Amino acid sequence: MRIETLSVFPQMFNDVMSLSIIGRARRAQKLDFVAHDLRKWTHDNHNTTDDVPYGGGAGQLMKVEPVFEALDELLDEDPTTSVIFFSPVGKVFDQSIAEDLAKRQRLIMVCGRYEGFDERVYSRADMILSLGDYVLTGGELAAMVVTDAVCRLLPGVLGDELSSVDESFSNGLLEYPQYTRPAEYRGLQVPEVLLSGHHRNIEQWRRKQSIIRTAQLRPDLLSQAVLSDEESDLAREYLGSGS
Ligand SMILES: C[S@@+](CC[C@H](N)C(=O)[O-])C[C@H]1O[C@@H](n2cnc3c(N)ncnc32)[C@H](O)[C@@H]1O
């Protein structure tokens, strides 16, 4: 898969896209990543990418021409690419969108700055995404979050093929609690069942904990989970009881 970003701060991606799982995925050629500098598609001496808003108001807006010209050139290489813009007015990014994006061949993510984009750029969008109900100073962090979430879903990127299947949201449930050594620390014990080596009991305990935790903390997710009658009763018992 190929992911490209278009922004006025391409250098922000250097470390995040070189380290850990993403860095490994790139070195193994499972992910091809390029951060483009939007200023490359400006034509004045100051490489201007912003301008004042029509109608007045605070701040500057991203100019329409550099974005259009960059996309003209980049899409010319491959018209099947999906173009994503970031904005607080977009659809809120979640695991199901990450799964959808992970199946695509090539993504171009366009990152805003200032007070956002001239509205006309969205005529070039396949998708407008938001990270949530808050305002960031720029879309670069959003692009890093989306790239990270998508990258770990690409075949062969995680060492253990199963590790993204069991994670939170993958089955409409939050992940069960996990522990590592030591078995007791400052009086805090690891649940006995996890020390038992009894795989069936461990599996059942984990499933139950996932359901309880989701019912307590994120009951809104339960409608997407496939639960038996017994599991639905369990979920009802714990509904909204967490903090
Ligand atoms: C300061 S924000 C612009 C906010 C805009 N004036 C508004 O009120 O909707 C600048 C850029 O940061 C990015 N951004 C800000 N908040 C975001 C969020 N919640 N999700 C994704 N991108 C965001 C977008 O690319 C946006 O164009």
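Bear in mind throughout that this is a predicted model. Begin by selecting helix H1, residues 20-27, together with helix H4, residues 140-151, whose axes come within 10 Å and cross at roughly 65 degrees. Because angles from 65 to 115 degrees count as roughly perpendicular, H1 is described as roughly perpendicular to H4. The crossing of these two helices is left-handed.

Now show the residues at this crossing: on the H1 side they are Ile21, Ile22 and Ala25, and they meet Thr147, Asp148 and Cys151 on the H4 side.

Next, turn to the largest nonpolar core, which has 38 residues, and select Ile84, Phe86, Met109, Val110, Cys111 and Val146, the ones with the most contacts inside it. Two or more residues of this core come from each of strand S1 (2-7), H1, strand S4 (61-62), helix H2 (64-77), strand S5 (82-92), helix H3 (95-102), strand S6 (106-110) and H4. Which element gives the most to this core? It is H4, with five residues. In soluble globular proteins, nonpolar side chains tend to be buried together.

Then centre the view on Ile84 and, leaving aside its neighbours within four places in sequence, look for its contacts with Leu107, Met109, Val110, Asp126, Met127 and Leu129. For the last stop, select Leu173, Ile211, Ile212 and Ala215, which are among the five residues of another core that lies apart from the largest one.

Terms used. Residues numbered from 1 in each chain as written. Predicted model: local features only at pLDDT ≥ 70, side-chain atom pairs only at ≥ 80, totals over all residues. Axes fitted to C-alpha atoms, helices over the stretch in contact; angles between N-to-C directions. Helix = DSSP H or I, 4+ residues; strand = E, 2+ residues; numbered from the N terminus. Parallel < 35°, antiparallel > 145°, perpendicular 65-115°, else oblique. Left-handed = near helix turned anticlockwise from the far one by under 90°. Contact = placed C-beta atoms within 7 Å. Core = buried A, V, L, I, M, F, W, Y, C linked by C-beta atoms within 7 Å. Buried ≥ 20, exposed ≤ 12 C-beta atoms within 10 Å, placed from the backbone.
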